[in-house]
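Please read the following report beside the sequence and the 3D view. It takes up charged side chains and then aromatic rings.

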Amino acid sequence: MAEIIRSIRGMNDILPDVTPYWQVVETALKEVLSGYGYQEIRFPIVEKTELFCRSIGEVTDIVEKEMYTFNDRNGDQLTLRPEGTAGCVRAAMQNGLLNQTQRLWYMGPMFRHERPQKGRYRQFHQIGVEAYGFKGPDIDAEMILMTARIWKKLGLTGATLQINSLGSTEARLAYRDVLIAYFESHQDELDEDSQRRLHSNPLRILDSKNPAMQALNDAAPKLIDHLDDESRQEFEVLCQSLDDAGLAYEVNPRLVRGLDYYGKTVFEWVTDQLGSQGTICAGGRYDGLVAQLGGKAATAIGFAIGIERLISLLEATDALPIIPSVDVYFVAVGEAAAKQSLLLAETLRDQIENLKLITHCGGGSFKNQFKRADRSGARWTLILGDDELSQQVVGVKTMATGEQETVAWDALANYLKL
Ligand code: ATP
Ligand code: MG
């Protein structure tokens with residue numbers, strides 16, 4: 001027998017016992033987002049490699065070692081999107097959306113060649129949100145409040161908000177020199193990645209996940225102490241707005257984000273309940289990106305939620321809802337009864353909106369069909385055999401109590417509506 005072909009490591013099948021939770025989460029997210037005036041945008045999963053190199057930055061984990069890049073048949077170098085912001089900006093620019101303000105969202109798979117582990121996959125899913133043409137910090141505050149509302153709607157607790165300001169480009173450049181000087185004076189304590197980044201992208205050293213780098217990073221000079229006046233003022237307004245709304249947060253001076261395009265506001269929602277993959281939502285302002293990609297300068301801010309991590313956290317905190325997948329399971333024994341059960345089922349679907357009804361299909365004994373009815377989790381089992389057929393009735397068993405009654409076909413819809 002031929003060996004079965006398995007999926008690619010780190011790319012998961014999302015099976016029917018889990019998809020209902022995805023649907024609940026996706027629906028809740030969409031409802032909150034549309035409540036703030038955000039509209040969906042869909043753009044391709046594949047883009048020119050250059051788009052990601054120019055936006056995310058050459059010296060980042062993603063571009064250095066995580067992208068799925070290949071040559072198209074006509075020789076173009078293409079990449080499976082590792083994140084959505086670059087493609088969203090590209091689409092907005094190309095289609096003239098940036099002439100006015102925009103509030104956009106998208107949802108879908110992202111691809112990064114990482115070492116697979118819990119909470120870290122090679123195909124994972126994000127819901128991304130971007131707002132263009134708003135200078136902030138009012139929209140920064142609103143966006144963060146919106147994330148808090150998403151958690152509230154999902155019943156999610158256990159995540160905390162961290163915020164920081166990365167300042168203007170000039171402030172970051174000046175701080176860069178301060179940081180390089182600091183790390184140079186501790187050169188022998190730097191791990192290999194940090195050595196390599198010391199001169200190319202020293203801010204990224206602060207984002208290191210290596211515990212051995214923790215103490216050194218903790219003691220490093222803080223960007224928040226080197227902010228330009230405008231960024232500092234805007235950060236204060238942002239903090240005040242969050243205070244006014246009663247939303248708790250921590251200022252984390254080491255929060256830098258792993259992509260190059262961020263400046264000013266950055267934020268993450270983190271949890272300690274998912275091991276080291278604890279960031280469920282991350283975002284920030286990226287006013288420079290549109291111009292960097294060749295467009296007319298436009299302010300921008302956005303965030304992305306990792307859906308796998310969000311669902312894991314809901315699971316870990318017992319916040320996943322119980323989703324009844326079936327209302328009615330229809331058991332029918334005998335050829336004529338089975339045929340009639342399909343017709344009765346159609347009538348019931350006409351009569352009761354959104355009824356979840358499974359007809360057994362495939363025949364078998366009462367005993368076997370009842371077993372399936374039990375396992376389905378249905379609230380009622382309908383029973384149709386030769387006797388019921390001749391009298392135009394069905395047996396209705398209420399599964400929770402085991403009680404059974406006989407109901408005429410034309411009274412069935414009313415009975416089940418109770
Ligand atoms: P991390 O620091 O965990 O590597 P990141 O900074 O690379 O995350 P972003 O690019 O900001 O992540 O992506 C936003 C969110 O997408 C993350 O906060 C996380 O929830 C999720 N995410 C990122 N990479 C993965 C992955 N490989 N598998 C699952 N979820 C991911
Ligand atoms: Mg990462």
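## Salt bridges and ring pairs

Glutamate 47 and arginine 90 meet through their side chains in a salt bridge, at 2.8 Å from N to O, a salt bridge being a side-chain nitrogen of Lys or Arg within 4 Å of a carboxyl oxygen of Asp or Glu. Because glutamate 47 lies in strand 2 (residues 46–48) and arginine 90 in helix 4 (residues 85–94), the pair ties together parts that are 43 residues apart in sequence; helices (H or I, at least four residues) and strands (E, at least two) are DSSP runs, numbered from the N terminus.

This is a predicted model, in which local features need pLDDT of at least 70 and side-chain atom pairs count only at pLDDT 80 or more, while totals for chains, interfaces and linings use all residues. Residues are numbered from 1 along each chain as its sequence is written, and side-chain values use heavy atoms, with hydrogens and water left out.

The structure holds 22 salt bridges, including those tabulated here.

Salt bridges with shared partners join Asp61, Glu64, Lys65, Asp193, Arg196, Arg197, Arg204 and Asp207 into one network.

Turning to the rings, the structure holds nine aromatic pairs, counted when the centres of Phe, Tyr or Trp (its six-membered ring) lie within 6.5 Å, with planes under 30 degrees apart stacked, over 60 edge-to-face and the rest tilted. Tyrosine 132 and tyrosine 286 have ring centres 6.5 Å apart and planes at 85°, so the pair is edge-to-face.

Definitions and conventions:
Chains are lettered from A and ligands numbered from 1 in the order in which they are written.
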